[in-house]
Amino acid sequence: MRYFIQTWGCQMNFHDSEKLAGILEEQGCVPAGRLPDADVLLLNTCSIREKAAEKVFSHLGALRPLREQRPDLIIGLCGCVAQQEGERLFRRSDLVDFILGPRAIESLPALLREAAQRRRPRLADLAVRDDSIRFDGARARRAVGPRAYLTIMEGCNKTCTYCIVPTTRGREVSKPVSQVLEEAAALEQAGFVEIELLGQNVNAYRDGSFHLDGLLRLLQPLEGIKRLRFTTSHPAHLSTAIIRAMAECPSVCHALHLPSQSGSDAVLERMRRGYTRRRYLDRIETLRRWIPDLGLSTDIIVGYPGESRAEFEESLSLLREVEFDQVYSFLYSPRPGTDAAQEQESLSFAEKNARLAELQAMQQEIQLRRNRLHVGSEADVLVDGVSRMGGKLKGRTGANRVVNFEGEESWIGSTVQVRITAAGPNSLEARRIRVAGS
Ligand code: 5AD
Ligand code: SF4
């Protein structure tokens, strides 16, 4: 059987698709190359915002002609929409043959076998299994490139009022240290030079008395792993011990994504984020004290229920005060079953959009100004591919800045020393100094 997987959402979900591909290949399936050639189609979905979830349904609608041509095509719906919507999905679309939750991916072979035997079987496994974390990452069929994802924890025990993730991904579970070390060593053996450790609340990683800082230190002897990152962090769980480990471990990249969500204490409290603006700024101060060249990014939600103009302006002032290198900003989107979805929304869509545009325009100026400070300096860039515009090579610095420069495709996977020649708000242009080897 030939398979095709379409993925939406975060790194976790992207890596889950790599795991699903690995499982399918263990069953003798091969990649289809293009969707019309597939015998099995998996849609690995995201439900973080309404738009992301709705995409799945419009996509399913567009698949109808293909399904009519190929009545034996098996369609499985995986990921967070599967977990959130459950068997209701069968009522919303008659194209779905089975649904599979993110913590039940090991059931894929069984569901597939049954689906192949029966026409339109409507099967589901939405169990939230604690042992899902024990899935051996070596079984994943990873995307080609210098960078590999390694799941170290799954689930989220927080209760942020707007967020669907605790519902879709279940309670926190951590992978045993010994297994993380084995998987990381296997990735080094396989030639990966960068590992990104994944977890919904990765700072809460814990195996017995071991925490994330200890794990980062234990991974240092892997000399082939030149770059170690971890995501996603939470301001209330980012301990000074983790910050020190970031500063002291040579392979840990000087980059951090630390979602703030809002700059207003009142909004943070209504969101039940578990920290104040002061505490968030204290973490930034400590980070920058230990790691002066840190690349810092954040997430901001605009238009949370009841967000006043003054509260929104506190988010603007947070961005001005911190000067992030990158900000991912989102319109608040009510998610079914979350506490915030009970709240009355105070702003029209147009007002929310105007706030978002204002915030983004301000942040673009900050990014341009910050990026310009790098012009003339040197950087080490791990080349990960060819940029869409202009056919240049593209890669990232350790601080996670995107850099484009002229070079040969054979350098993909190598680290190249460059000099920054120009800056835009979202990326840097550079000239090669020398290729440092892979
Ligand atoms: N509406 C808008 N944005 C959301 N996020 C999470 N839930 C919602 C929601 N209901 C954003 C947060 C989070 C990022 C992954 O998505 O900023 O950090
Ligand atoms: Fe989307 Fe969140 Fe699920 Fe990732 S964990 S796929 S961002 S809903």
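In which order do the three strands of the open sheet stand, and is their pairing parallel or antiparallel?

Reply: This is a predicted model, in which local features need pLDDT of at least 70 and side-chain atom pairs count only at pLDDT 80 or more, while totals for chains, interfaces and linings use all residues. Residues are numbered from 1 along each chain as its sequence is written, chains are lettered from A and ligands numbered from 1 in the order in which they are written, and side-chain values use heavy atoms, with hydrogens and water left out.

The order in the three-stranded open sheet is S14-S15-S16, and the pairing is parallel. Strand S14 (255-257) and strand S16 (326-331) each have a single partner strand, so one side of each is left without a neighbour in the sheet. On average, and with direction ignored, neighbouring strands of this sheet are turned by 10 degrees against each other. Here strands (E, at least two residues) and helices (H or I, at least four residues) are DSSP runs, numbered from the N terminus, and two strands pair if DSSP finds at least two bridges between them. S14 is joined to strand S15 (residues 295-302) by three bridges, the two running parallel. Alanine 255 has glycine 295 in S15 as its bridge partner.

Helices H12 and H13 come next. The axes of helix H12 (residues 277-290) and helix H13 (residues 309-322) come within 12 Å and cross at roughly 15 degrees; axes are lines fitted to C-alpha atoms, for helices over the stretch in contact, and angles run from 0 to 180 degrees between N-to-C directions. H12 and H13 are therefore roughly parallel to each other, given that angles under 35 degrees count as roughly parallel, over 145 as roughly antiparallel, 65 to 115 as roughly perpendicular and the rest as oblique. Their crossing is right-handed, a term used if the near helix is turned clockwise from the far one by less than a right angle, left-handed being the anticlockwise case. Arg277, Tyr280, Leu281, Ile284 and Arg288 of H12 meet Glu314, Ser317, Leu318, Glu321 and Val322 of H13, where contact means heavy atoms within 4.5 Å. The residues of this contact divide into five nonpolar, one polar and four charged; Ala, Val, Leu, Ile, Met, Phe, Trp, Tyr, Cys and Pro count as nonpolar, Asp, Glu, Lys and Arg as charged, and the others, Gly among them, as polar.

H13 also meets helix H14 (residues 349-372): their axes come within 10 Å and cross at roughly 15 degrees. That angle makes H13 roughly parallel to H14, and the crossing is right-handed. From H13, Arg309, Phe312, Ser315, Leu316, Leu319 and Arg320 meet Arg355, Glu358, Leu359, Met362, Gln363 and Ile366 of H14. By class, the residues of the contact of H13 with H14 are six nonpolar, two polar and four charged.

Another open sheet has six strands in the order S2-S1-S3-S4-S5-S6, again with parallel pairing. Its edges are strand S2 (30-31) and strand S6 (123-125), each pairing on one side only. Strand S1 (residues 2-7) pairs with S2 in the parallel sense over two bridges, and tyrosine 3 stands opposite proline 31 in S2. Helix H1 (residues 11-26) packs on this sheet, touching S1, S2, strand S3 (40-45), strand S4 (74-79) and strand S5 (98-100), with its direction at about 170 degrees to that of S1. Helix H6 (residues 108-117) lies across S3, S4, S5 and S6 and runs at about 175 degrees to S5. In the loop between H6 and S6 is arginine 122, which has a positive phi of about 60 degrees although it is not a glycine.

Strand S21 (residues 428-435) has two partners to describe. With strand S19 (residues 402-405) it pairs in the parallel sense over three bridges, whereas seven bridges join strand S20 (residues 415-423) to S21 in an antiparallel run. Glutamate 429 in S21 is the bridge partner of asparagine 404 and of alanine 422. A hairpin of four residues joins S20 to S21.
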